[in-house]
Amino acid sequence: MTQTKTLIEIPDFLTVRELAQLMDASPIDVIKELMRNGIMANINQEIDFDTAAIVAEEMGFEIHSTATVEEEDAEEDFDKPAWRQVLADEKEKDLVSRPPVITMLGHVDHGKTSLLDIIRSSSVQTGEVGGITQHIGAYQVKYNGQIITFLDTPGHEAFTAMRARGAQATDIAILVVAADDGVMPQTKEAIDHAKAARVPIIVALNKIDLPTANPARAMQQLSEHGLIPDEWEGDTMIIQVSAKENLGMDDLLEAILLVAEDLNPCANPQAEASGTVLEARKEKGRGIMTTVLVQNGTLNQGDTLLVGKYYGRIKAMFDYTGKAVKKAAPSTPVSVAGLNGIPQAGDQFTTAKSEKEARKLVANLEADKRPGETIADKAVTLDDFFAQLQEGNSKTLNLVIKADVQGSLEPIINSLENLTNDEVAVEIMHAATGNITESDVMLASASNAVILGFNVEPGVIARAAANSEGVEINSYNIIYKLIEDVDKALKGLLDPVYADVVTGRAEVRQVFRIRNVGQIAGCYMRAGEARRNAKARVIRDAQLVYEGDVTSLKHLQENVREVKTGFEFGVNVGSFNNYQAGDIIEFYVSQRVDR
């Protein structure tokens, strides 16, 4: 009976240690197998796919290249809605539908909170300072028998700041646009932030009751930013509403349910609870109250909550109306009491079996941290982008572009987009005129992007945010220098090209036959050097007669790593056994070269 070989996936390049780990084998055994194939390598030395495949097959494994798998996975991940990331380890059979989670984005004073106020039939806005939202709230409404969860955020900055800390809490973004103002600078930013989060966008065209309202102009402006109305045969639902006159609310809710039906957001209510912190504060008489959105599993009073370095047993739990509840299902926002510290909005929470286990997990987490480790350790820079790519990131360089005037911005965008090719791409997450702002920094952080500024500089707050989030800001005053730097980064992104580089040439002067070994070529090194870890070609009368790895290299009966010009030595190439005096042996290595 034929034994089935274990399948392992091998990247284009990996170290001997990594190959051993893939096969769950001893690195010593791998090194021995390499030696049997004429390759001397230490545990940390990098080998290519072909070499790794030979060793793995010799050790009883079936090989598959990860190159095509990574490309397929990248395409699948790009198409996946954000909520799917939370369910990476869940089985499809355990998933059930859950309420969609909606975030309202848009320009200041375009009516985000007023619309939500009408939708949930309460009076939030009257309690806000100056009528502007000051905190993150979460609410639920029931429409046509279906529950919808709304996050009322202070705008796209908070939406993106949460995303920058790993939160993917939103299923659908409602972009609120005033019909009289149309698309404003913050509207453009909100569009880019929602697109970067890869969430569907529904446009609520507000204030249509005003005499100055111009819906057609607003829709034209939206289409110029990629949001083409469905009535113009586009794929963006644009709903005309008026919060003041309570017009179009049913249409907006119907649109949400239609998009949600297509998305079909799911969760596993039987799993251990996990989700996102929406806000945390200290309340008199209650202590630390943390508002969380449950995204998977069911959260129960008495569970031990774990959020970063903070933990605690849930002593009390309240829904968005302030009513005490015992449990919270997926897509439910609740405020809980019991954490021993105040986490940040956007932090991810899980549950532990007990406070003792949570304390141990926090201690292990702190112990594992490297001294001085910060978010910046994961940041993207133009200089090290290729190194990060090798760790498995997609072949896309995300950029946020800011310029002094529109006349500068357009040629920069056109030039950068022309750098995209079949293998690598430039993705411009946001491009606008004006100084670099904190909002730009948060978008770059959430999107793993680099900020490029032309004749503009970051403000004090933006600079501080960049330092905190580990975002690289590059400022230029010459356009071609900006383009040149990106071009260099992209060339680092491209799959490396390798070429054979000749290191030396030797002449065979005598042939020795050694018992149990076969022929050994006694050579004189005419130029360059011979290397033990190289490959070699045997050339006779200007014709290639054999090519293989250097399996043996000796000088005065001693094994050596290399032989320089002018020395005599013995060599064996692969399994070749027909050397003749006068043969030329050309030694070469494979090296990465510029395209």
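Which residue forms a salt bridge with R98, and how far apart are the closest N and O atoms? I looked this up in a predicted model, where local features need pLDDT of at least 70, side-chain atom pairs count only at pLDDT 80 or more, and totals for chains, interfaces and linings use all residues. Residues are numbered from 1 along each chain as its sequence is written, and side-chain values use heavy atoms, with hydrogens and water left out.

**Entry 1: R98.** I found D171 as the partner, with the closest N and O atoms 2.8 Å apart. R98 lies in the loop between β5 (96-97) and β6 (101-106) and D171 in the loop between α6 (156-164) and β9 (172-178), so the pair ties together parts 73 residues apart in sequence. I take a salt bridge as a side-chain nitrogen of Lys or Arg within 4 Å of a carboxyl oxygen of Asp or Glu. R98 is buried at 12% relative accessibility, and D171 is buried at 3% (buried is under 20% relative accessible area, exposed over 50%, partly exposed in between, with a 1.4 Å probe and protein chains only).

**Entry 2: other salt bridges.** I noted 18 salt bridges in the structure. One of them joins E507 to R526, with the closest N and O atoms 3.6 Å apart. E507 lies in strand β26 (residues 497-514) and R526 in strand β27 (residues 518-531), so this pair links parts 19 residues apart in sequence. Strands here are DSSP runs (E, at least two residues) and helices are runs of H or I (at least four), numbered from the N terminus. E507 is partly exposed at 22%, as is R526 at 47%. I also recorded a salt-bridge network linking D500, R505, R537, E547 and E586.
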